[in-house]
Amino acid sequence: MLSIWRISWRNITTNNKKRFFITLLAIILGTSFVTAMLVADKTTKDVFDYYEQMYVANADYWVLSDEHSYSEEMISSIQNDSAVTGTLLALDKQAFFELESDHSLNERSVRITGVNDQNSPLLKLPVIEGSLDNKGIVITEAVANLLGKKVGDTVRFTNMGEAKVSAIVEYTQLLASPSNWERAESTSFRILAPLDMLREWTGQYNEISYMRFQTKGDGEELFHSLQQSFLGSSVFIQPVVADDLQSNDIGGIYTFFYIIAGLSIFISGFIVFNMIYTSVIERKKEFAIMKSLGYTQSAVSKLVLIEMILLALIGTAIGVPLGIWFGDMFIQALLSVFEFDMVYTLNWELPTLVAIIIGFLYPIVFSLFPIYNAGKTSLLFTLKMANERDGSTRLHILRAVVGVGLLCFVFIDHPVTYAAVLASVILLFPLLLIGLSKIFTPILKSFFNYPGIMATKNLFQQINRNANTAAILAIGISVILLLGAVVESAPQGYEKEIRSTYGGDMRVTSELSWSAEDITKLLSYPAVTDVKPLAEAAPITWETVNEGKRQFSVISVSEDGPSLFADLQEKDLYKALTQKSTVLLGDRAFEEWGGNIGQSIRMNSPSGEQSFEVIGVVKTSHHSGYVAFMDATNLSNEFGWTNSFDLLLTVNSKAIDSTRDQLWSDFGNHLSKVQTVEDEVESTTSAISGMNELILVMLLIIIGLASIGTANTLLMNTYERKFEIGTMRALGFTKQQIRNMILAEGLLIGLSGVIGGIATGIVLIYVTSKSELMEGFISFQFPISNIILAMIAGVTLSLCAAWISSKTASKLDIQSSLKEG
Amino acid sequence: MIKVNNLKRDFLQGQQRTQVLKGIDLAIEEGEFVAIMGPSGSGKSTLLQLLAGLDVPTDGDIQINNKFLNKMNEKERTIFRRKKLGFVFQNYQLLSTLTVEENIAFPLHADGKLTNEKSKMINALIHSVGLEGLNHKRANLLSGGQQQRVAIARALVNNPTVLLADEPTGNLDRAMAEEILGLFLKFHRQNKQTIVMVTHDIFAAGFADRIILFRDGVIDKVISRKDSDYAKYLANFMA
Ligand SMILES: Nc1ncnc2c1ncn2[C@@H]1O[C@H](COP(=O)(O)OP(=O)(O)OP(=O)(O)O)[C@@H](O)[C@H]1O
Ligand SMILES: [Mg+2]
């Protein structure tokens with residue numbers, strides 16, 4: 001048994017070192033790419049879970065109100081309940097930092113949360129410096145850095161008071177704050193203060209905004225009895241649910257990167273296939289001899305299988321650790337692109353296990369056919385077959401017909417179209433390669449002289465293998481171009497969606513509900529032409545069809561209210577919503593819920609547990625679609641949410657900034673947030689624009705990987721043509737001419753790969769832009785910068801790949817080539 | 001005119017140095033047809049490859065048309081080869097992807113642009129080796145004899161100073177061999193083509209003006225058609 005392993009090892013390492021290394025490199029890259037994605041995905045999920053868990057801490061329920069605050073007496077019974085093991089009282093208050101440096105009110109706005117115990121197990125604060133002494137304020141590191149404050153320094157609040165910093169903590173959702181002044185324009189800072197201190201500053205002695213509590217067991221009984229007892233009051237109770245889908249959509253981004261990882265596996269799998277297939281054909285004679293010596297079919301297959309297992313093992317052993325490292329870099333890049341101010345620890349154990357399995361299996365899966373083929377080697381095998389041109393004319397015609405047939409899928413709006421187009425590209429590539437070679441012949445001739453012409457003839461000799469190699473490059477390029485186009489037009493798509501569903505130009509959020517006088521005052525602003533109230537009930541917990549607990553907000557809509565979602569049948573939907581117990585879901589919420597239109601969704605409303613019929617799914621920019629809409633009347637009467645803390649303003653675009661300043665000075669004592677459409681567009685799209693650079697890096701990696709395939713193919717072509725190359729040398733080709741010939745071959749493969757890739761990419765982009773499924777999210781466009789990069793990288797890297805073989809070819813010894821021929 | 005002076009070629013095999021050519025002196029006149037014979041392993045092919053500039057001697061000089069082949073670098077030798085020499089191999093060594101015409105034209109293409117005049121010459125050559133009508137046929141689809149004709153035309157396409165042939169009839173049956181040798185003789189007589197041919201076949205050697213016998217890397221004997229004992233020698237050999 002040991003000896004067969006040793007024989008295999010010798011076969012892969014001594015027969016053809018360069019090819020061995022190139023194939024190994026492809027496996028390593030493919031494996032490390034997948035590993036990186038798995039590690040990054042898992043780690044990112046863990047990071048968000050970690051922060052979500054930290055936010056939830058040990059709390060099981062919380063009692064809130066649809067007003068800014070409520071009297072502590074409402075919950076005194078809970079504090080004394082024997083089933084309750086811990087409570088935390090909190091009061092939110094809007095304030096402004098008092099700073100030496102010059103910043104607008106808007107930038108300085110801060111929400112202070114007063115808590116009765118900073119050390120409560122219902123509150124998890126990752127302290128970096130200082131201690132939670134319930135005497136001073138707690139701020140995040142980012143805020144400390146921006147304000148230039150250290151533990152013990154004093155922070156002052158306009159018209160309120162001052163406090164010492166008692167602790168600096170890591171990022172946590174409760175204290176999510178801007179980390180630069182630019183971001184501070186549209187988001188408030190958040191800090192933690194002792195409840196007593198905040199009450200003293202505000203005079204709200206008996207008031208709290210919410211209370212969280214922990215129960216013995218699940219506390220269901222207490223929950224239901226409290227739900228009953230709070231009916232009719234402004235106070236309501238919700239279970240605490242860890243669900244951050246409203247604040248981020250990072251999972252969607254990974255779908256995207258998994259597509260690229262799958263692509264890299266496919267490319268490196270193809271390289272493995274090519275290598276092992278050629279190696280089997282080269283060694284047919286050897287296998288025939290083995291069989292004549294009594295080896296069985298399966299023994300021959302086993303020998304090749306073991307070679308592959310060895311390659312896969314080495315590839316995994318190097319690729320997986322490398323991938324973990326890539327994954328680490330990838331998360332850093334991703335978090336910085338999304339400006340997430342988070343600390344993470346790499347979670348590599350489980351992803352590594354999965355990666356090891358994938359990394360080990362896929363090279364073997366891709367080599368199964370050649371391995372089977374090796375076993376089938378006939379005893380009467382003649383060497384001549386290896387020199388025969390592959391594929392008959394009839395096969396070529398069949399390939400072309402099927403290829404064109406598959407291309408017709410372009411006219412069908414279905415996800416399968418993408419697979420059909422890619423398959424058709426592979427099938428049609430021999431034709432394309434032949435056509436392009438003919439077109440490029442004059443150019444090659446003027447660049448490389450006769451070696452250029454020989455190059456085209458050589459390519460035709462192994463047309464299928466060369467065409468497959470170029471097709472792989474083309475597919476890599478086309479998929480990345482499509483993804484690039486998606487990323488590039490996503491900001492436009494999002495912007496369109498935000499502008500059409502924001503409901504105004506400016507959203508103004510207050511701690512208190514807006515009074516009629518406030519609205520009159522706002523309408524008196526010269527720049528403000530319209531003011532519409534918006535009620536958002538939050539947090540509302542609900543159940544998926546699989547009874548998973550989730551949390552989102554429910555927003556009021558009405559026909560004469562602001563337009564908060566986009567739908568062709570908007571009017572009908574408004575009308576249908578006026579029916580009792582009906583609700584519309586945003587698309588992401590609908591997906592997470594998992595039910596069908598017409599079914600009911602269960603929610604914990606301020607008026608207790610209720611069921612609502614889902615009458616439609618709509619697109620909306622609010623919480624990126626993780627939201628529900630309810631008729632305004634139903635929201636207050638049936639659902640039990642009566643107040644509105646938000647106003648949507650229609651503002652003259654020239655006066656946005658002055659309006660914002662005026663708002664803060666007029667309503668500063670209860671205003672908590674002023675956000676414009678532009679702010680929302682900017683914060684949504686800036687992260688996506690950052691992804692453009694990631695896409696460019698991916699493009700380079702994929703082209704690089706495909707070029708490894710080109711190097712491998714050309715190397716195989718060279719070894720196979722060893723005797724012909726010897727003959728050419730004997731007949732007067734100089735070494736340089738031999739080198740030029742192979743460079744020209746690489747150039748042809750590279751060029752046709754790039755051209756085919758760009759053409760395919762444009763077809764895919766066109767299909768996507770026309771697709772009803774995408775609802776016009778991407779517009780048809782030529783991603784010029786990506787195309788240019790693909791061209792330069794594709795041609796350059798193909799030439800580099802060819803250079804390796806050209807070196808080998810020019811070093812071939814004429815005499816020995818002639819002798820064996 | 002070819003002049004070989006004290007030509008030595010050693011091969012290293014591991015630690016072992018074997019002397020394949022042990023100091024050959026030889027002169028071949030312009031227009032001469034020389035056959036080289038000798039036992040297997042005596043160094044005939046080695047000499048021919050040195051003459052063709054496919055290999056470099058360990059010691060000694062090779063002069064062709066007063067140019068020292070052994071003093072040229074690799075590139076100069078390659079260019080000299082394609083301009084001045086023609087080589088015919090035992091196993092034809094045609095390029096399988098090319099047609100008959102393209103195979104013949106290869107040395108000219110390698111050297112630069114193909115002129116009209118040269119194209120005409122290729123056609124004439126195809127005619128004179130008897131392959132009319134096969135111009136555009138792929139070379140590897142031809143019979144052995146036809147392939148060797150292509151190889152001869154290819155070797156002559158640059159008007160070589162000398163045509164070198166290593167067992168050109170070795171893979172052919174008697175009738176085919178005779179036709180090929182007939183072609184050699186034709187070019188030798190009509191165009192005063194200098195030919196150096198290695199052969200195992202005394203019948204083939206009989207076409208030459210002079211026969212050089214090799215043994216263990218040295219020239220054992222030279223017999224010329226002019227020598228009085230030439231006929232006797234041939235007869236002996238055949239018997
Ligand atoms: N590249 C090489 N490396 C080592 N030894 C070599 C090399 N080329 C030739 N030889 C050796 O040199 C000797 C002469 O070889 P050569 O091919 O010249 O013989 P030959 O006379 O042509 O024989 P044959 O009639 O069999 O063709 C042989 O022993 C051969 O093994
Ligand atoms: Mg020989």
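A polar contact is a pair of N or O atoms within 3.5 Å; within protein, one of the two must be able to donate a hydrogen and the other to accept it, and residues adjacent in sequence count only if both atoms are side-chain atoms. One such contact joins the side chains of A:Asp646 and A:Thr509 at 2.8 Å. The model is predicted, with local features needing pLDDT of at least 70 and side-chain atom pairs counting only at pLDDT 80 or more, whereas totals for chains, interfaces and linings use all residues. Residues are numbered from 1 along each chain as its sequence is written, chains are lettered from A and ligands numbered from 1 in the order in which they are written, and side-chain values use heavy atoms, with hydrogens and water left out.

**Chain A as a whole**

- Chain A has 27 helices and 22 strands, where helices (H or I, at least four residues) and strands (E, at least two) are DSSP runs numbered from the N terminus.
- The C-alpha trace of chain A spans about 100 × 55 × 55 Å along its principal axes, and 57% of the 821 residues in chain A are buried, buried meaning under 20% relative accessible area, exposed over 50% and partly exposed in between (1.4 Å probe, protein chains only).
- The accessible surface of chain A comes to about 33,900 Å², of which carbon and sulfur atoms hold 58%; accessible areas come from the Shrake-Rupley method with a 1.4 Å probe, and for residues only the protein chains shown count as cover.
- Of the contacts in chain A between residues at least 6 apart in sequence, 81% join residues at least 24 apart, a contact meaning heavy atoms within 4.5 Å.
- Chain A is divided into domain 1 (1-59 + 252-388), domain 2 (61-239), domain 3 (406-416 + 425-500 + 687-821) and domain 4 (501-683), with bounds that come from an automatic or database domain assignment.
- The centres of domain 1 and domain 4 of chain A, taken over C-alpha atoms, are separated by 50 Å.

**Ligand 1 between the chains**

- Ligand 1 lies between chains A and B and is surrounded by 14 residues, of which the closest are B:Ser40, B:Lys44, B:Ser45, B:Thr46 and B:His200; a residue counts as near a molecule or strand if one of its heavy atoms lies within 4 Å of it.
- Oxygen atoms of ligand 1 are found 2.6 Å from an N or O atom in the side chain of B:Thr46, 2.8 Å from an N or O atom in the side chain of B:His200, and 3.0 Å from a polar backbone atom of B:Gly43.
- On its own, ligand 1 has 630 Å² of accessible area, and the protein covers 68% of this.
- In chain B, β1 (2-13) and α1 (44-51) each supply at least two residues of the shell around ligand 1, and α1(B) provides the largest share, 3 residues.
- The shell residues divide into 3 nonpolar, 8 polar and 3 charged, where Ala, Val, Leu, Ile, Met, Phe, Trp, Tyr, Cys and Pro count as nonpolar, Asp, Glu, Lys and Arg as charged, and the others, Gly among them, as polar.

**Residues in contact across the chains**

- A:Leu818 lies in helix α27 (residues 814-820) of chain A and is buried, with a relative accessible area of 6%.
- Leaving aside neighbours within four places in sequence, the contacts of A:Leu818 include A:Gly726 and A:Ala730 as well as B:Leu54, B:Phe89, B:Asn91 and B:Gln93.
- B:Thr97, in the loop between β6 (85-88) and α3 (100-111) of chain B, is buried at 13% relative accessible area, and touches A:Lys457, A:Asn458, A:Gln461, A:Glu724, B:Glu102 and B:Arg138, not counting residues up to four places away in sequence.

**The surroundings of A:Asp646**

- A:Asp646 lies in strand β21 (residues 646-651) of chain A and counts as buried at 5% relative accessibility.
- The C-alpha atoms of A:Asp646 and A:Ser513 are separated by 7.8 Å, although the two residues are 133 residues apart along the chain.

**Backbone features**

- The peptide bond from A:Ala538 to A:Pro539 is cis, with omega near -5 degrees, and A:Pro539 has its place in strand β15 (residues 536-543) of chain A.
- A:Asn134, which is not a glycine, has a positive phi of about 60 degrees and lies in the loop between β5 (127-130) and β6 (137-140) of chain A.
- B:Asn6, also not a glycine, has a positive phi of about 45 degrees; B:Asn6 lies in strand β1 of chain B and is partly exposed at 34% relative accessibility.
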